[in-house]
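Student: I am new to reading charged contacts in a protein model. Please walk me through them.

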Amino acid sequence: MEQVDRSLTYGSLASRPDESIGKIVLLGGTIVQTLPKPKETEIEVVQKQVSSSGEPYLTDQSEGRYLVVVDRFLDPAIFRPGRDITVAGKVRGSALRRLGEIDYRYPLITAVELHLWSEPLSPQVYPYASPFGYPYYRRWGPYPGYPRFY
């Protein structure tokens, strides 16, 4: 974390990736796809702003995409689409790839550190229907001594 160039934003990296080669950057986002290759794994990520702890914000706003190259096998079942990830890595330049019907220039990052964030827990649903309706306690309130509903 001490080696990260905090002044290097995704916007400046995406517009001029060749000027930032060799610098260490901290980026976060959501995985689009993970592609294992013979000696490395390539992860395509939709960029998102990160908090002070490095965790990507839960938002639909993004400045673009980038590619992360990891020098080992990462299982696509674990690093699957929709998972949030934060990477500290060395800028390697850019790569031109097809994205839909356009040619898209991805900033290319070689991972030094990689953190896969845990998935948020789904809300728990009460499995039984209430015979009194929702919320059942308001039918008999307010109780003496309790000015509000609880």
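The dialogue below takes up salt bridges.

Tutor: This is a predicted model: local features need pLDDT of at least 70, side-chain atom pairs count only at pLDDT 80 or more, and totals for chains, interfaces and linings use all residues. Residues are numbered from 1 along each chain as its sequence is written, and side-chain values use heavy atoms, with hydrogens and water left out.

Student: What is a salt bridge?

Tutor: Side chains of opposite charge can pair when their charged atoms come close. The cut-off: a side-chain nitrogen of Lys or Arg within 4 Å of a carboxyl oxygen of Asp or Glu.

Student: How many salt bridges does the structure hold?

Tutor: Five. One of them joins Arg 97 to Glu 42, at 2.7 Å from N to O. That pair links distant parts of the chain: Arg 97 lies in strand S4 (residues 84-99) and Glu 42 in strand S2 (residues 41-48), 55 residues apart. Strands are DSSP runs (E, at least two residues), numbered from the N terminus.

Student: Is Glu 42 buried or exposed?

Tutor: Buried means under 20% relative accessible area, exposed over 50%, partly exposed in between (1.4 Å probe, protein chains only). Glu 42 has 9% relative accessibility, so it counts as buried. Arg 97, at 31%, counts as partly exposed.

Student: Which residues share partners in one network?

Tutor: Glu 42 also meets Lys 37 in a salt bridge, 3.4 Å from N to O. Lys 37 counts as partly exposed, at 33%. Arg 97, at 31%, is partly exposed too. Shared partners join Lys 37, Glu 42 and Arg 97 into one network.

Student: What does Arg 98 pair with?

Tutor: Asp 103, with the closest N and O atoms 3.0 Å apart. Arg 98 is exposed, at 54%.

Note on methods:
Helix = DSSP H or I, 4+ residues; strand = E, 2+ residues; numbered from the N terminus.
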